[in-house]
Amino acid sequence: MIYLDNAASSWPKPPQVVKSMEEVLLNYAANPGRSGHQLAAKAAEKIFETRARIAKLFHVKNPNDIVFTQNATESTNLALKGFLKPGDHVLTTSLEHNSIRRPLEFLKAKGVEVTYLNIHTGKDLHADLLEQSFRENTKLVAVTHASNVTGTILPIEMIGEITSRHGIRLLVDASQTAGFCSIDVDSMKIDLLAFTGHKSLYGPQGTGGLYVHPELDLVPLLHGGTGGYSELIDQPPIRPERFESGTRNTVGIAGLGAGVNFIEQTGLQQIQQHEQQLANYLVDELAAIPSIAVYGWEKNEFQCPIVSFAVEGFDANEIGFILDAHYQIAVRAGLHCSPLAHDSLGTSEQGGLVRVSFGYFNSEEDVKELVHALKDIIN
Ligand SMILES: Cc1ncc(COP(=O)(O)O)c(C=O)c1O
């Protein structure tokens, strides 16, 4: 199988990820931080090790400002529902994944005002557009760091500079960029950073997290057991317990830590270079096929390694199905949980686009096989 669906979940995982998960399961899969015994302490230590690794990756000073969740969706829900109140105004974009859009629509029904800025690429979100859209009650800008449909990257530094100047908080959905782009929450002035473990961080599914600025207090999404502070009837005030009710996924978090370690060892620059090279190569090859149109790719721009395209005369899902069933090539076709992005690209009617997304373990040979299969299907 040729796997070209890394923007959905990266695969394969580095061997050290599998090894670290196996090590926990075999040796100390006790309940982290609950019972006082050695095995529980070892499990809690492992979780802290990953917390510290992630904090370092995002330049977060205190690892306890990183809250572990099950995925980016839980993180965006915690951030949005925990921060926004009826009467608040939030600015977002047409490029958002449903993990931002749906909680915002839910909050809209409860009295939160939502404005969607219609943009196609990161460059469309310029300072004037942002500042003109602020209202007296604007409390939050909630944006994706990169579109999961086209890979275009939003200018987070510029947005952060403006939001912080206006006393507005900034939530960034880093699902597509954590582990691919360098992220510094301080210099980018990010207040809330949602990430998922199973994409470019090379961890397993069921892992993710949220960075919460130390001065921000959110209403917890979940209430329940936190190991310590059992005598309190309310959620403990301290982090990360305040936001981490219920047993954490020790095995998954150990795998996530090993994934981050793989990124540290390989180097972000090496990862970016390899994946961008593959994406550029594919775009060049597709440009030579007249019935294929690539959307949202700008040559020589720094983008996430995502290439989405339409094939004239075919529904996107049909191409996805044929590639899988007849050529053993896995891509993702359709609307990619981002219907607004497809509306703004004008690709909703045709069933969306075919999306190819690269990971570190893909090669030029994979691109050649894909291009060969596409030419075969078209002919
Ligand atoms: C931009 C973006 N945000 C959020 C998500 C949701 O991630 P998860 O399914 O891990 O919650 C995705 C996943 O496809 C994504 O691409």
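## Gly-122 and its surroundings

Leaving aside neighbours within four places in sequence, Gly-122 touches Thr-152, Ile-153, Leu-154 and Pro-155, where contact means heavy atoms within 4.5 Å. Gly-122 sits in the loop that runs between strand E4 (113-117) and helix H5 (127-133); helices (H or I, at least four residues) and strands (E, at least two) are DSSP runs, numbered from the N terminus. With a relative accessibility of 4%, Gly-122 counts as buried, a word used for under 20% relative accessible area, with exposed for over 50% and partly exposed in between (1.4 Å probe, protein chains only). His-145 is 23 residues from Gly-122 along the chain, and their C-alpha atoms are separated by 8.9 Å.

A word on the basis of all this: the model is predicted, local features need pLDDT of at least 70, side-chain atom pairs count only at pLDDT 80 or more, and totals for chains, interfaces and linings use all residues. Residues are numbered from 1 along each chain as its sequence is written, and side-chain values use heavy atoms, with hydrogens and water left out.

## Thr-50 in helix H2

Now to Thr-50, which belongs to helix H2 (residues 38-57). Thr-50 is buried, its relative accessible area being 1%. Apart from neighbours within four places in sequence, its contacts are Phe-68, Ile-253, Ala-254, Leu-256 and Gly-257.

The chain divides into domain 1 (15-265) and domain 2 (267-378), with bounds from an automatic or database domain assignment. Their centres, taken over C-alpha atoms, are 28 Å apart.

## Salt bridges across the interface

The rule finds two salt bridges across the interface of domain 1 and domain 2, each a side-chain nitrogen of Lys or Arg within 4 Å of a carboxyl oxygen of Asp or Glu. Glu-298 and Lys-123 form a salt bridge, with their closest N and O atoms 3.0 Å apart.
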